[in-house]
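Dear colleague,

Please find below the structure that I am handing over to you. My notes on it follow directly after.

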Amino acid sequence: MKKTHLISSVLTIVTIFACKDNKERNTDKEIEIINANRDESNKELSNKKTIKKFSWDNIPESATEIGDYPYITPPKGMIVDENTSNTVSYDFHKLEMFDGKSFFDIEGQVDKIGIIMDGDKNWNQYYFDKSIEDYMNSIGAQLIFKGKIPDELIDKKGKTTNERYAYCNNFYIGDIVNETIRMFVLKTPTKKIGIQVYSNTATAQIGIVESKEFEQTIEKITANDILKEITNKGFATLHINFDTGKSRIKTDSYEIIAEISKMMKSNPELKISIEGHTDNVGDEASNMKLSKNRAQSVLIALTDENIDEDRLKSKGFGQTKPLESNSTEEGKAKNRRVELRKI
(Lines give C-alpha, C1' and ligand atoms only; values in the text may rest on other atoms or scores of the structure.)
Protein backbone atom coordinates (compact mmCIF):
# COMPACT_ATOMS: atom_id res chain seq x y z
CA MET A 1 0.00 0.00 0.00
CA LYS A 2 2.82 2.41 0.88
CA LYS A 3 4.43 1.69 -2.48
CA THR A 4 1.16 2.37 -4.22
CA HIS A 5 0.71 5.68 -2.33
CA LEU A 6 4.25 6.67 -3.20
CA ILE A 7 3.73 6.02 -6.91
CA SER A 8 0.46 7.91 -6.76
CA SER A 9 2.11 10.90 -5.11
CA VAL A 10 4.90 10.95 -7.66
CA LEU A 11 2.39 10.84 -10.55
CA THR A 12 0.44 13.68 -8.96
CA ILE A 13 3.56 15.83 -8.66
CA VAL A 14 4.58 15.04 -12.24
CA THR A 15 1.07 15.92 -13.45
CA ILE A 16 1.12 19.24 -11.58
CA PHE A 17 4.46 20.21 -13.07
CA ALA A 18 3.36 19.05 -16.52
CA CYS A 19 0.17 21.14 -16.29
CA LYS A 20 2.16 24.10 -15.08
CA ASP A 21 4.65 23.63 -17.89
CA ASN A 22 1.84 23.38 -20.50
CA LYS A 23 0.13 26.41 -19.05
CA GLU A 24 3.36 28.40 -19.25
CA ARG A 25 3.87 27.22 -22.84
CA ASN A 26 0.30 28.21 -23.78
CA THR A 27 0.80 31.57 -22.11
CA ASP A 28 4.04 32.05 -24.04
CA LYS A 29 2.24 31.19 -27.30
CA GLU A 30 -0.57 33.66 -26.48
CA ILE A 31 2.01 36.36 -25.80
CA GLU A 32 3.74 35.55 -29.11
CA ILE A 33 0.40 35.81 -30.96
CA ILE A 34 -0.45 39.11 -29.25
CA ASN A 35 3.00 40.51 -30.07
CA ALA A 36 2.70 39.32 -33.66
CA ASN A 37 -0.71 40.98 -34.01
CA ARG A 38 0.66 44.14 -32.44
CA ASP A 39 3.61 44.13 -34.83
CA GLU A 40 1.26 43.66 -37.78
CA SER A 41 -0.97 46.51 -36.57
CA ASN A 42 2.04 48.77 -36.10
CA LYS A 43 3.22 47.84 -39.60
CA GLU A 44 -0.19 48.75 -41.06
CA LEU A 45 -0.21 52.05 -39.17
CA SER A 46 3.32 52.73 -40.38
CA ASN A 47 2.30 52.03 -43.97
CA LYS A 48 -0.70 54.35 -43.66
CA LYS A 49 1.51 57.11 -42.31
CA THR A 50 3.88 56.83 -45.26
CA ILE A 51 1.09 57.31 -47.84
CA LYS A 52 1.03 61.02 -48.56
CA LYS A 53 -2.17 62.47 -49.99
CA PHE A 54 -2.02 64.54 -53.14
CA SER A 55 -1.35 68.23 -52.56
CA TRP A 56 -1.31 71.04 -55.10
CA ASP A 57 1.49 72.56 -53.03
CA ASN A 58 3.80 69.88 -54.41
CA ILE A 59 2.98 70.68 -58.05
CA PRO A 60 5.28 73.19 -59.78
CA GLU A 61 3.57 76.18 -61.30
CA SER A 62 3.65 76.54 -65.08
CA ALA A 63 3.96 79.97 -66.69
CA THR A 64 3.29 78.64 -70.21
CA GLU A 65 0.35 80.12 -72.13
CA ILE A 66 -2.24 77.33 -72.46
CA GLY A 67 -5.02 79.11 -74.37
CA ASP A 68 -8.72 78.84 -73.67
CA TYR A 69 -10.69 76.03 -72.05
CA PRO A 70 -10.67 73.06 -72.70
CA TYR A 71 -7.00 73.74 -73.55
CA ILE A 72 -6.45 70.61 -75.67
CA THR A 73 -7.35 69.99 -79.30
CA PRO A 74 -7.05 66.70 -81.18
CA PRO A 75 -3.71 66.14 -82.99
CA LYS A 76 -3.64 67.07 -86.67
CA GLY A 77 -5.51 64.48 -88.71
CA MET A 78 -7.81 63.66 -85.77
CA ILE A 79 -11.14 65.23 -84.79
CA VAL A 80 -13.61 65.33 -81.90
CA ASP A 81 -16.23 62.61 -82.26
CA GLU A 82 -19.45 64.56 -81.69
CA ASN A 83 -21.67 61.54 -82.36
CA THR A 84 -20.75 59.48 -79.32
CA SER A 85 -21.47 59.41 -75.60
CA ASN A 86 -17.70 59.69 -75.13
CA THR A 87 -18.06 63.42 -75.86
CA VAL A 88 -20.00 65.29 -73.16
CA SER A 89 -19.76 68.63 -71.31
CA TYR A 90 -20.72 69.67 -67.78
CA ASP A 91 -20.82 73.16 -66.30
CA PHE A 92 -20.07 71.56 -62.95
CA HIS A 93 -19.03 67.96 -62.36
CA LYS A 94 -15.94 66.15 -61.14
CA LEU A 95 -13.18 63.86 -62.32
CA GLU A 96 -11.63 61.47 -59.84
CA MET A 97 -7.85 61.44 -60.11
CA PHE A 98 -5.31 58.82 -58.99
CA ASP A 99 -1.64 59.49 -58.28
CA GLY A 100 -0.56 55.88 -57.81
CA LYS A 101 -1.17 55.99 -54.06
CA SER A 102 -4.48 57.67 -53.37
CA PHE A 103 -7.59 59.06 -55.07
CA PHE A 104 -8.60 62.71 -55.02
CA ASP A 105 -11.39 64.71 -56.65
CA ILE A 106 -11.20 67.82 -58.79
CA GLU A 107 -14.56 69.58 -59.10
CA GLY A 108 -15.42 72.19 -61.68
CA GLN A 109 -16.11 72.51 -65.39
CA VAL A 110 -15.68 69.11 -67.05
CA ASP A 111 -15.36 68.03 -70.66
CA LYS A 112 -14.98 64.46 -71.89
CA ILE A 113 -13.80 64.38 -75.49
CA GLY A 114 -13.88 61.36 -77.80
CA ILE A 115 -11.17 61.38 -80.47
CA ILE A 116 -11.31 59.71 -83.90
CA MET A 117 -9.36 59.93 -87.17
CA ASP A 118 -10.47 62.53 -89.69
CA GLY A 119 -11.71 60.68 -92.77
CA ASP A 120 -11.18 57.03 -93.55
CA LYS A 121 -7.63 56.72 -92.23
CA ASN A 122 -6.76 53.90 -89.87
CA TRP A 123 -6.57 54.75 -86.20
CA ASN A 124 -3.00 55.60 -85.10
CA GLN A 125 -2.62 55.07 -81.35
CA TYR A 126 1.13 55.70 -81.31
CA TYR A 127 0.70 59.06 -83.05
CA PHE A 128 -2.02 60.10 -80.61
CA ASP A 129 -0.03 59.05 -77.52
CA LYS A 130 3.16 60.72 -78.77
CA SER A 131 1.30 63.95 -79.61
CA ILE A 132 -0.39 64.12 -76.21
CA GLU A 133 2.73 63.38 -74.16
CA ASP A 134 4.86 65.93 -76.05
CA TYR A 135 2.15 68.57 -75.68
CA MET A 136 1.75 67.90 -71.95
CA ASN A 137 5.49 68.32 -71.46
CA SER A 138 5.46 71.57 -73.44
CA ILE A 139 2.82 73.21 -71.24
CA GLY A 140 4.30 72.00 -67.94
CA ALA A 141 1.65 69.40 -67.09
CA GLN A 142 2.83 66.84 -64.53
CA LEU A 143 2.28 63.12 -65.14
CA ILE A 144 1.15 61.73 -61.77
CA PHE A 145 0.08 58.24 -62.89
CA LYS A 146 0.38 55.97 -65.90
CA GLY A 147 -0.86 52.39 -65.86
CA LYS A 148 -3.68 50.15 -64.69
CA ILE A 149 -5.36 51.15 -61.44
CA PRO A 150 -5.10 48.07 -59.15
CA ASP A 151 -8.13 45.77 -59.23
CA GLU A 152 -8.44 45.78 -55.44
CA LEU A 153 -8.98 49.56 -55.56
CA ILE A 154 -11.42 49.38 -58.48
CA ASP A 155 -13.41 46.74 -56.56
CA LYS A 156 -14.11 49.33 -53.86
CA LYS A 157 -15.97 51.56 -56.33
CA GLY A 158 -19.12 49.44 -56.14
CA LYS A 159 -20.57 46.27 -54.69
CA THR A 160 -21.41 44.77 -58.08
CA THR A 161 -19.74 44.82 -61.48
CA ASN A 162 -22.48 47.09 -62.86
CA GLU A 163 -22.08 49.53 -59.96
CA ARG A 164 -18.32 49.69 -60.53
CA TYR A 165 -18.71 50.31 -64.25
CA ALA A 166 -21.35 52.99 -63.63
CA TYR A 167 -19.12 54.79 -61.09
CA CYS A 168 -16.04 54.67 -63.31
CA ASN A 169 -18.00 55.78 -66.38
CA ASN A 170 -19.25 58.80 -64.43
CA PHE A 171 -15.95 60.05 -63.03
CA TYR A 172 -13.37 58.69 -65.46
CA ILE A 173 -12.85 58.30 -69.19
CA GLY A 174 -12.20 55.05 -71.02
CA ASP A 175 -12.33 51.56 -69.57
CA ILE A 176 -10.26 51.87 -66.40
CA VAL A 177 -11.76 48.66 -65.04
CA ASN A 178 -9.77 46.68 -67.60
CA GLU A 179 -7.23 49.01 -69.23
CA THR A 180 -4.61 51.65 -68.49
CA ILE A 181 -5.01 55.40 -68.11
CA ARG A 182 -2.76 58.44 -67.76
CA MET A 183 -3.34 61.19 -65.20
CA PHE A 184 -1.90 64.70 -65.49
CA VAL A 185 -2.26 67.82 -63.38
CA LEU A 186 -1.44 71.35 -64.43
CA LYS A 187 -1.12 74.37 -62.16
CA THR A 188 -0.85 77.93 -63.46
CA PRO A 189 -0.93 81.21 -61.49
CA THR A 190 -4.75 81.24 -61.79
CA LYS A 191 -5.86 77.68 -62.60
CA LYS A 192 -5.76 74.13 -61.32
CA ILE A 193 -6.49 71.56 -64.01
CA GLY A 194 -6.80 67.78 -64.04
CA ILE A 195 -6.42 65.79 -67.27
CA GLN A 196 -7.21 62.14 -67.92
CA VAL A 197 -5.95 60.50 -71.14
CA TYR A 198 -7.09 57.12 -72.43
CA SER A 199 -6.26 55.32 -75.66
CA ASN A 200 -6.33 51.82 -77.08
CA THR A 201 -5.93 50.24 -80.50
CA ALA A 202 -9.27 51.60 -81.73
CA THR A 203 -10.04 54.95 -80.09
CA ALA A 204 -9.03 57.64 -77.59
CA GLN A 205 -10.65 59.95 -75.06
CA ILE A 206 -9.51 62.97 -73.08
CA GLY A 207 -11.08 64.22 -69.84
CA ILE A 208 -10.45 67.78 -68.63
CA VAL A 209 -11.57 69.40 -65.39
CA GLU A 210 -10.82 72.98 -64.39
CA SER A 211 -11.21 73.45 -60.66
CA LYS A 212 -13.78 75.95 -59.47
CA GLU A 213 -15.83 76.49 -56.32
CA PHE A 214 -19.31 75.07 -56.16
CA GLU A 215 -22.09 77.70 -56.17
CA GLN A 216 -25.36 76.75 -54.55
CA THR A 217 -28.24 77.73 -56.84
CA ILE A 218 -31.15 75.99 -55.13
CA GLU A 219 -33.65 78.40 -53.63
CA LYS A 220 -36.52 77.60 -51.34
CA ILE A 221 -39.76 77.26 -53.31
CA THR A 222 -42.66 78.94 -51.53
CA ALA A 223 -46.43 78.73 -51.93
CA ASN A 224 -46.42 82.26 -53.34
CA ASP A 225 -43.78 81.31 -55.96
CA ILE A 226 -45.85 78.35 -57.12
CA LEU A 227 -49.08 80.38 -57.27
CA LYS A 228 -47.37 83.22 -59.16
CA GLU A 229 -46.04 80.82 -61.80
CA ILE A 230 -49.44 79.14 -62.22
CA THR A 231 -51.16 82.54 -62.49
CA ASN A 232 -48.67 83.88 -65.07
CA LYS A 233 -48.13 80.75 -67.19
CA GLY A 234 -51.05 78.50 -66.34
CA PHE A 235 -48.69 75.91 -64.83
CA ALA A 236 -45.73 75.59 -62.44
CA THR A 237 -42.71 73.35 -62.99
CA LEU A 238 -41.33 71.60 -59.91
CA HIS A 239 -38.46 69.16 -59.45
CA ILE A 240 -39.68 66.76 -56.80
CA ASN A 241 -37.19 64.03 -55.89
CA PHE A 242 -38.26 60.38 -56.01
CA ASP A 243 -36.39 57.17 -55.29
CA THR A 244 -34.53 56.12 -58.46
CA GLY A 245 -36.86 54.24 -60.79
CA LYS A 246 -39.68 54.39 -58.24
CA SER A 247 -42.62 56.60 -57.31
CA ARG A 248 -41.86 57.05 -53.62
CA ILE A 249 -41.25 60.71 -52.76
CA LYS A 250 -37.94 61.36 -51.04
CA THR A 251 -37.99 62.96 -47.60
CA ASP A 252 -36.22 66.11 -48.79
CA SER A 253 -39.13 66.90 -51.16
CA TYR A 254 -41.90 66.92 -48.56
CA GLU A 255 -41.10 70.57 -47.92
CA ILE A 256 -42.28 71.29 -51.49
CA ILE A 257 -45.41 69.20 -50.88
CA ALA A 258 -46.10 71.35 -47.81
CA GLU A 259 -45.81 74.54 -49.88
CA ILE A 260 -48.19 73.16 -52.54
CA SER A 261 -50.64 72.31 -49.77
CA LYS A 262 -50.29 75.80 -48.31
CA MET A 263 -51.02 77.33 -51.73
CA MET A 264 -54.11 75.14 -52.20
CA LYS A 265 -55.48 76.00 -48.77
CA SER A 266 -54.96 79.73 -49.39
CA ASN A 267 -56.81 79.47 -52.71
CA PRO A 268 -59.81 77.19 -52.06
CA GLU A 269 -61.22 77.65 -55.58
CA LEU A 270 -58.05 76.49 -57.30
CA LYS A 271 -58.01 73.09 -58.97
CA ILE A 272 -54.85 71.55 -60.45
CA SER A 273 -53.74 68.70 -62.65
CA ILE A 274 -50.55 67.04 -61.38
CA GLU A 275 -48.52 65.91 -64.41
CA GLY A 276 -45.46 63.65 -64.25
CA HIS A 277 -42.59 63.68 -66.78
CA THR A 278 -39.40 61.59 -67.14
CA ASP A 279 -36.17 61.61 -69.15
CA ASN A 280 -35.53 58.98 -71.83
CA VAL A 281 -33.60 56.50 -69.68
CA GLY A 282 -35.42 53.15 -69.98
CA ASP A 283 -38.17 52.15 -72.38
CA GLU A 284 -41.16 54.35 -73.20
CA ALA A 285 -43.78 52.08 -71.64
CA SER A 286 -41.93 51.92 -68.31
CA ASN A 287 -41.40 55.69 -68.28
CA MET A 288 -45.08 56.31 -68.98
CA LYS A 289 -46.09 54.09 -66.07
CA LEU A 290 -43.47 55.66 -63.80
CA SER A 291 -44.62 59.21 -64.59
CA LYS A 292 -48.26 58.30 -63.86
CA ASN A 293 -47.33 56.67 -60.55
CA ARG A 294 -45.22 59.65 -59.51
CA ALA A 295 -48.00 62.10 -60.27
CA GLN A 296 -50.39 59.90 -58.29
CA SER A 297 -47.92 59.87 -55.36
CA VAL A 298 -47.98 63.68 -55.26
CA LEU A 299 -51.80 63.63 -55.35
CA ILE A 300 -51.94 61.19 -52.43
CA ALA A 301 -49.41 63.26 -50.47
CA LEU A 302 -51.63 66.34 -50.91
CA THR A 303 -54.77 64.49 -49.79
CA ASP A 304 -52.79 63.47 -46.71
CA GLU A 305 -52.40 67.22 -46.12
CA ASN A 306 -56.22 67.48 -46.12
CA ILE A 307 -56.56 68.82 -49.67
CA ASP A 308 -59.91 67.69 -51.14
CA GLU A 309 -59.26 65.07 -53.83
CA ASP A 310 -62.02 66.63 -55.97
CA ARG A 311 -59.64 69.54 -56.58
CA LEU A 312 -56.87 67.28 -57.89
CA LYS A 313 -56.18 65.18 -60.98
CA SER A 314 -53.04 63.29 -61.95
CA LYS A 315 -51.56 62.39 -65.34
CA GLY A 316 -48.34 60.93 -66.68
CA PHE A 317 -46.61 61.80 -69.95
CA GLY A 318 -43.43 59.73 -69.62
CA GLN A 319 -40.67 60.96 -71.91
CA THR A 320 -42.99 62.42 -74.56
CA LYS A 321 -42.67 66.12 -73.57
CA PRO A 322 -39.01 66.92 -72.85
CA LEU A 323 -38.06 70.51 -71.98
CA GLU A 324 -34.50 70.02 -73.22
CA SER A 325 -32.40 67.46 -75.07
CA ASN A 326 -31.77 64.19 -73.23
CA SER A 327 -28.25 64.08 -74.67
CA THR A 328 -26.79 65.73 -71.55
CA GLU A 329 -27.15 65.01 -67.84
CA GLU A 330 -28.35 68.56 -67.25
CA GLY A 331 -31.06 68.13 -69.89
CA LYS A 332 -32.20 64.84 -68.40
CA ALA A 333 -32.40 66.42 -64.92
CA LYS A 334 -34.67 69.20 -66.23
CA ASN A 335 -36.90 66.72 -68.04
CA ARG A 336 -37.50 64.75 -64.82
CA ARG A 337 -40.16 67.03 -63.39
CA VAL A 338 -43.69 67.46 -62.05
CA GLU A 339 -45.94 70.18 -63.44
CA LEU A 340 -48.96 71.64 -61.67
CA ARG A 341 -51.41 72.84 -64.29
CA LYS A 342 -54.50 74.93 -63.54
CA ILE A 343 -57.81 73.32 -64.51
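Among contacts in the chain between residues at least 6 apart in sequence, what percentage join residues at least 24 apart? The figure is 70%, where a contact means heavy atoms within 4.5 Å.

Please note that this is a predicted model, in which local features need pLDDT of at least 70 and side-chain atom pairs count only at pLDDT 80 or more, while totals for chains, interfaces and linings use all residues. Residues are numbered from 1 along each chain as its sequence is written, and side-chain values use heavy atoms, with hydrogens and water left out.

Overall composition

The chain contains eight helices and 11 strands; these are DSSP runs numbered from the N terminus, with helices being H or I of at least four residues and strands being E of at least two. Of the 343 residues in the chain, 37% are buried. Buried here means under 20% relative accessible area, exposed means over 50%, and partly exposed lies in between, with a 1.4 Å probe and protein chains only. The accessible surface of the chain is about 21,400 Å², and carbon and sulfur atoms account for 50% of that surface. The areas come from the Shrake-Rupley method with a 1.4 Å probe, and for residues only the protein chains shown count as cover.

Salt bridges

The structure holds 19 salt bridges, each defined as a side-chain nitrogen of Lys or Arg within 4 Å of a carboxyl oxygen of Asp or Glu. One of them pairs E255 with K220, with 2.5 Å between the closest N and O atoms. Because E255 belongs to helix α6 (residues 254-266) and K220 to the loop between β7 (204-211) and α5 (223-233), this pair ties together parts that are 35 residues apart in sequence. E255 is partly exposed, at a relative accessible area of 45%.

A second pair, E229 and K233, has its closest N and O atoms 3.0 Å apart. These two residues are four apart in helix α5, so about one helical turn separates them. Both partners are partly exposed, E229 at 24% relative accessibility and K233 with a relative accessible area of 46%.

R248 and D243 also form a salt bridge, the closest N and O atoms being 2.6 Å apart. Here R248 is exposed, at 57% relative accessibility, whereas D243 is buried, at 16%.

Yours sincerely
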